[in-house]
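Welcome to my notebook. I was asked to look through this structure and jot down what I found, one topic at a time.

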Amino acid sequence: MGCVDGKICSALATALSSTLETLAFAEIDPLDVEAYKKDPNDNDITLRDESIWAQIPFVLPFKGYLTILLVPDLANNLTEGIYGFLEKDMLSEEVVFDSIAEISNILAGQFCTNYLGDDIFFELGLPDKGRTIDESEIPVHDGVEYKLDYSVEGFQLTVILVTDAFA
Amino acid sequence: MKILVVDDSATMRRIIVNNLKAAGYEDVVQAANGVEGLNSMAGIELVLTDWNMPVMDGLSFVKELRKNPAFGKIPIIMVTTEGAKEEVIEALKQGVNDYVVKPFTKQLIIEKIESVT
């Protein structure tokens, strides 16, 4: 399911924009993946094949998960943006995973703040992360799923929200 | 001024340390959770701590610090994703001096440091 709920879409886009711009100086745009797939000759976006992913649980006031998936090149670029100048040999998988996990953590927090407002207590769990070429290997959870695609620096970044709170 | 940065994310520690060093705060010690933080307090004059961490979270870390008279008056700034009013109030109750919600700008974190020191 795409972003059919305007409040969720707005809360998430604002959260992603502020998180990536503040942390890594990266700008985001909504991305229609199906349109790009229909016309591969006119495709200046690198769509996901292999993915770096990070997933963070919502603990309170609702249960659920936020997952981000992105191509390794974008993960590397964002990590370099966060760290500033980084020697290539310092750009280890551990550093990249940690950066993407921290982005998911901050994104989830910003999303909750935007969606719930300042007065409602929320709690997040600790992030999980990994690398895969098969999206089905990423842990899945019960609940209504919202899958949103963005373009960041010419690369696809996908955010998946799963929770019963928005049913 | 000797500053302790406590966060389970090496990335966030790096961001904070970079911001501190750019502002002239060169003497910075790092810890990955509250337990490591408690073991790193020698000579510390300011603490920046995350809330949500494994092993010992930031709030428990602050409680432990405030129990010890030697650390009772050291300024503590909570740097975390949780920014609802109830959480801020709880953190302040436990002895946190100020609060920064991620993501933050360098300017904001430096202003917060200057306001508590």
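This is a predicted model: local features need pLDDT of at least 70, side-chain atom pairs count only at pLDDT 80 or more; totals for chains, interfaces and linings use all residues.

**Entry 1: Gln55(A)**

I began with one side chain, and found that Gln55(A) and Thr67(A) are joined through their side chains by a polar contact of 2.9 Å. For a polar contact I took a pair of N or O atoms within 3.5 Å; within protein, one must be able to donate a hydrogen and the other to accept it, and residues adjacent in sequence count only if both atoms are side-chain atoms. Residues are numbered from 1 along each chain as its sequence is written, chains are lettered from A and ligands numbered from 1 in the order in which they are written, and side-chain values use heavy atoms, with hydrogens and water left out.

Where does Gln55(A) sit? I found Gln55(A) in strand S2 (residues 51-60) of chain A; helices (H or I, at least four residues) and strands (E, at least two) are DSSP runs, numbered from the N terminus. Is Gln55(A) buried or exposed? Gln55(A) is buried, at a relative accessible area of 5%; buried means under 20%, exposed over 50%, and partly exposed in between (1.4 Å probe, protein chains only). Beyond its neighbours within four places in sequence, Gln55(A) has contacts (heavy atoms within 4.5 Å) that include Tyr65(A), Leu126(A), Ile138(A) and His141(A).

**Entry 2: Confidence in chain A**

I then checked pLDDT, the predictor's confidence in each residue, from 0 to 100. Chain A has a mean of 85, with 91% of its residues at 70 or more. Among the elements of chain A, the lowest mean, 79, belongs to helix H2 (residues 33-38), and the highest, 94, to strand S3 (residues 64-70).

**Entry 3: Where the chains meet**

I counted 26 residues from chain A and 22 residues from chain B in the contact. The area buried between them (accessible area, 1.4 Å probe, that two parts lose on being put together, summed over both) is about 1900 Å², and carbon and sulfur atoms give 56% of that.

How many salt bridges cross the interface of chain A and chain B? The rule, a side-chain nitrogen of Lys or Arg within 4 Å of a carboxyl oxygen of Asp or Glu, finds one. That salt bridge pairs Lys102(B) with Glu102(A), with the closest N and O atoms 3.2 Å apart.

Lys102(B) lies in the loop between strand S5 (98-101) and helix H5 (106-116) of chain B, and Asp50(B) in the loop between strand S3 (46-49) and helix H3 (58-67) of chain B, so the pair ties together parts 52 residues apart in sequence. Lys102(B) is buried at 1% relative accessible area, and Asp50(B) counts as buried at 2%. I noted a network of salt bridges linking Glu102(A), Asp7(B), Asp50(B) and Lys102(B).

**Entry 4: One more pair**

Over all chains, I found seven salt bridges in the whole structure. One joins Glu50(A) and Arg131(A) at 2.9 Å, N to O. Glu50(A) is in the loop between H2 and S2 of chain A and Arg131(A) in strand S5 (residues 128-132) of chain A, so this pair ties together parts 81 residues apart in sequence. Glu50(A) is partly exposed at 29%, and Arg131(A) is partly exposed at 38%.
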